[in-house]
Amino acid sequence: MVPDLSPDLSGALGAALDDALDRVPAARLAPVVDRLIRDYRSGTVPTAPILRTDDDAAAYAAYRMPATHAAVVDVLERAAARVPEPVSLLDLGGGTGAAVWAAAQVWPSLARATVLEAAAPARALGRRLAGGAPSALLRGARWEAAVLGTAPALPEADLLTACYLLGELPVPVRDAVVDASARVARVVVLVEPGTPAGHARILDARARLLAAGLTVAAPCPHDGACPVTGDDWCHFAVRVGRSSRHRVLKAGSLGHEDEKFSYVVAVRDDDGSVGRAPGRVVRHPHTRKGLVTLRVCEADGTLRDTPVPRSRRELFRHARDTAWGDAWPPV
C-alpha cells in the first residue's frame with residue numbers, strides 16, 4: 001500500500017507557472033520551444049548549458065515541467081511503499097524544479113532539499129516558482145550552481161534524484177555521477193525518456209548501482225538481467241493534461257499528452273528491510289470479453305503473458321483495475 005501523500009501539488013505548480021509565465025508572450029516563447037525540442041531530441045551531448053537565457057528557462061518550464069513532474073510523481077509513488085521515508089533530498093540537474101515538486105507531493109517526511117543546476121536562468125526561475133508554493137520543503141529548498149564532472153563531490157542525502165539528466169552528460173561523467181550517487185544516497189532515483197536510448201542509459205546505470213551494492217526496488221522485481229530484449233524496451237507512461245499555453249507552444253490540439261519514461265529506483269538495503277513488487281506489468285493490459293492478459297516482468301527475471309479469466313473472479317476484478325506499470329499480482 002502506498003502511504004498517505006501530501007496534497008496534490010500539480011494545481012499549485014500550474015498556478016505558479018501561470019503567474020511566472022503570463023507576462024511572457026507565447027509568440028516569443030514558441031520559437032524557443034522549437035529550438036529546445038530540437039536540441040533535446042538531437043541525441044548529442046551538449047557542451048554548454050542548453051538553458052542560457054531567461055526565455056530559455058521560461059520556455060523549458062512551460063513545455064516540459066508539467067510532464068516531468070507527472071512522470072516523477074508516478075515513479076516516486078510506485079517506490080514509496082518500498083523504500084524508507086526520506087528526510088533529505090538532493091536533486092541533480094534539477095532544471096526548474098519538477099522533481100522537487102514531485103518529491104514534496106509524495107513524501108511529507110522530507111524536511112530539506114537541495115537542487116544542483118548548472119544553468120543560472122533555470123535556478124532563478126525554479127527558486128521563484130518554489131517561493132510561493134504551499135510546501136515548506138519547496139519554499140526552503142536550496143538552489144546551488146554545479147557543473148557535474150568526472151569527480152563529482154556530492155553531499156549526502158537520504159534520497160537522490162536525477163531526472164532526464166543522464167542523456168545530457170558525456171559517458172565518463174554519466175558513469176561518475178551514477179557511482180557518486182550510489183556512495184552518497186540511500187535511495188537513488190533515475191528517470192530518462194521512454195525511448196530505446198533512454199532505456200539503455202537506465203540499464204547501464206542500473207548495472208552500476210547494483211555493482212555498488214544497491215538493490216533495485218522498482219520497477220524491476222529482481223536484480224537480474226532485464227528480460228525485455230530485441231526491438232522492445234522497458235518504459236512506462238503517464239497522461240498529462242495540457243494547458244492552453246502548452247497547446248499553443250507545441251502546436252497541439254489535444255487536451256492531453258502521454259509522457260513516456262524509463263526509470264530505476266535503487267536502495268542501499270543493508271538490513272534487508274526493503275520490499276519490492278512480486279512482478280511488474282510492463283505493457284498496457286490486453287482486455288477482451290471475459291479475459292485480461294497482462295505482460296508481467298516476474299520476480300525470477302522472466303517475462304510472461306499472464307491470462308486472467310473471468311472464472312477467477314477476485315483476481316479478474318483486480319486485473320481489470322490493473323494499469324501499465326502496476327505491481328502484479330496484487331498484494
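The backbone nitrogen of Asp-158 sits 2.9 Å from a polar atom of the Ser-88 side chain, a polar contact (a pair of N or O atoms within 3.5 Å; within protein, one must be able to donate a hydrogen and the other to accept it, and residues adjacent in sequence count only if both atoms are side-chain atoms). This is a predicted model, where local features need pLDDT of at least 70 and side-chain atom pairs count only at pLDDT 80 or more, while totals for chains, interfaces and linings use all residues. Residues are numbered from 1 along each chain as its sequence is written, and side-chain values use heavy atoms, with hydrogens and water left out.

Ser-88 itself is found in strand β1 (residues 88–92); helices (H or I, at least four residues) and strands (E, at least two) are DSSP runs, numbered from the N terminus. With a relative accessible area of 9%, Ser-88 is buried (buried means under 20% relative accessible area, exposed over 50%, partly exposed in between, with a 1.4 Å probe and protein chains only). Leaving aside residues up to four places away in sequence, Ser-88 touches Leu-110, Arg-112, Ala-157, Asp-158 and Leu-159, where contact means heavy atoms within 4.5 Å.

Next come the nonpolar cores, each a set of buried Ala, Val, Leu, Ile, Met, Phe, Trp, Tyr and Cys residues joined through side-chain atoms within 4.5 Å. The largest has 76 residues, and Trp-101, Phe-261 and Val-265 have the most contacts inside it. Helix α3 (residues 54–80) gives the most to this core, with 17 residues. Apart from it lies another core, of 28 residues, including Leu-92 and Val-216. As for Trp-101, its partners beyond four places in sequence include Leu-9, Met-65, His-69 and Leu-138.

On to the rings. Those of Phe, Tyr and Trp (its six-membered ring) pair if their centres lie within 6.5 Å; planes under 30 degrees apart count as stacked, over 60 as edge-to-face and the rest as tilted. That rule gives six aromatic pairs. The rings of Tyr-40 and Tyr-60 have centres 6.0 Å apart and planes at 45 degrees, so this pair is tilted. It links distant parts of the chain, with Tyr-40 in helix α2 (residues 26–41) and Tyr-60 in helix α3, 20 residues apart. Tyr-40 is partly exposed at 28% relative accessible area, whereas Tyr-60 is buried at 15%. Tyr-60 also pairs edge-to-face with Tyr-63, at 6.4 Å centre to centre and 85 degrees between the planes. These two both lie in helix α3, three residues apart, about one turn of the helix. Elsewhere, ring pairs link Phe-236, Phe-261, Tyr-263 and Trp-324 into a cluster.

Finally, the charges. A salt bridge is a side-chain nitrogen of Lys or Arg within 4 Å of a carboxyl oxygen of Asp or Glu, and the whole structure has 18 of them. In one, the closest N and O atoms of Arg-201 and Glu-192 are 2.7 Å apart. Arg-201 is buried, at 17% relative accessible area, and Glu-192 is buried too, at 1%. Another salt bridge joins Arg-239 and Asp-258 (2.8 Å, N to O). Arg-239 lies in strand β7 and Asp-258 in strand β8 (residues 256–267), so the pair ties together parts 19 residues apart in sequence. Here Arg-239 is exposed, at 54%, and Asp-258 is partly exposed, at 41%. Salt bridges with shared partners also join Arg-35, Asp-39 and Asp-56 into one network.
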